[in-house]
Amino acid sequence: MTALSTNNDEQMKLLEDALQVVRMHASQMRQCLDRGSLGRRHRHRAKYGLSRSGDNDDEHSDGDNDGEDDDESGVLDAIKHCSAMLGELRTSALTPKNYYELYLAVFDALQFLIGSLRDAHISGKHHLADLYELVQYAGNVVPRLYLMVTVGSALLGLTVAKRARAEQRNGDGADSNAATATSKADREDGDDDGDDVPVQEIMMDMLEMSRGVQHPTRGLFLRYYLDQMTKGSLAYADVDDAIYFTLTNFTEMNKLWVRLQHLGHSREREKRELERRELRTLVGSNLIRLASLERITLDHYKGKVLPHLLKQVVSCKDPLAQEYLMEAI
């Protein structure tokens with residue numbers, strides 16, 4: 001069953017069924033993460049002598065170990081539920097508009113996961129670099145790549161924050177108070193060991209791995225998620241790498257967007273064109289990202305950005321895409 005071969009009632013039922021599964025796994029994911037959070041709070045109380053009165057030392061010790069076990073299993077179980085939730089994005093039965101609704105529900109749940117993964121990293125329980133490797137063993141390609149982008153962006157976020165503080169420290173010169181504050185923030189982010197994440201390497205890895213999803217709808221939204229989650233890191237990447245990353249993602253998204261016209265029956269071409277128009281802003285998000293990069297000079301635009309964009313306008317051979325891209329440029 002294809003998306004465009006179903007009527008509106010069937011589409012609404014398919015969407016609601018998918019949303020129910022997403023809500024169920026999102027709720028279970030939160031419960032697992034809360035369990036880990038309780039374990040961390042228990043260890044914090046025990047460390048500072050804040051446990052309930054009447055507890056003996058043995059109970060403190062046992063509870064401490066139980067808290068560590070809950071913390072470890074909580075994150076891993078949460079990732080399992082997240083993977084099951086992301087499995088709903090493998091569907092081909094929804095129209096692009098309804099798929100967007102499903103994507104938004106999943107996106108909200110993923111933002112909660114990112115915050116919890118960051119907390120687990122800072123607490124020293126799960127290093128994000130290890131989790132980045134772990135999620136690559138997810139069984140299906142769509143959940144695997146969404147998890148990679150989620151964990152990878154969380155890891156990049158910590159590194160970007162550290163670099164921003166370093167720049168602030170350098171700008172403040174010999175200000176000892178500023179140096180103390182940024183050093184404390186580094187320790188809170190788990191970065192006091194001086195380990196720095198290779199931003200370009202992780203970004204290019206996520207960009208390349210995203211080629212694994214070639215279905216027009218699924219691939220378009222995966223790359224849109226990649227664009228959303230890496231926008232903060234682009235400012236701290238090498239400017240040439242940032243341009244390459246954004247232009248490559250734009251090119252692949254444009255190709256997927258053009259291919260949407262070939263889904264379904266020929267008699268529904270007008271309907272497909274309308275749905276494609278509704279999704280054009282997803283492709284255009286890359287152009288917004290380019291415009292927001294302060295380090296791109298006029299020479300960059302003339303030598304790399306504009307020639308690449310014009311080449312896409314010509315080569316896509318799609319009137320709708322050509323019209324929109326020329327307006328965007």
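**Exercise 1. Val 142**

Determine in which helix of this predicted model Val 142 lies, whether Val 142 is buried or exposed, and which residues Val 142 touches.

*Solution.*
1. Val 142 belongs to helix 5, which covers residues 141-172.
2. The relative accessibility of Val 142 is 5%. Buried means under 20%, so Val 142 counts as buried.
3. Leaving aside residues up to four places away in sequence, Val 142 touches Leu 86, Leu 89, Arg 90, Val 213 and Arg 218.
4. One of these, Leu 89, is 53 residues from Val 142 in sequence, while their C-alpha atoms are 7.2 Å apart in space.

**Exercise 2. Helix 11**

Find what span helix 11 should have, and state which helices are included in the cover of its buried residues.

*Solution.*
1. Helix 11 has 13 residues; at 1.5 Å a residue, it should therefore span 18 Å.
2. The C-alpha atoms at its ends lie 19 Å apart, which agrees.
3. The buried residues of helix 11 include Leu 282, Gly 284, Asn 286 and Arg 289.
4. Helix 8 (216-234), helix 9, helix 12 and helix 13 are among the elements covering the buried residues of helix 11.

**Exercise 3. Helix 13**

Explain why the buried residues of helix 13 line one face of the helix.

*Solution.*
1. Within helix 13 (residues 319-328), the buried residues include Leu 320, Ala 321, Tyr 324 and Leu 325.
2. Viewed down the axis of helix 13, its buried residues fall within an arc of 120 degrees, so they line one face.
3. An α-helix has 3.6 residues a turn, so residues three or four places apart point the same way.
4. Pro 319 and Glu 327, on the other side of helix 13, are exposed.
5. The cover over the buried residues of helix 13 includes helix 9 (239-259), helix 10 (269-278), helix 11 (280-292) and helix 12 (298-316).

Notes
Residues numbered from 1 in each chain as written. Predicted model: local features only at pLDDT ≥ 70, side-chain atom pairs only at ≥ 80, totals over all residues. Heavy atoms only, no water. Buried < 20%, exposed > 50% of the residue type's maximum accessible area, 1.4 Å probe, protein only. Helix = DSSP H or I, 4+ residues; strand = E, 2+ residues; numbered from the N terminus. Arc of directions from axis to C-beta. Contact = heavy atoms within 4.5 Å. Expected span 1.5 Å × (residues − 1).
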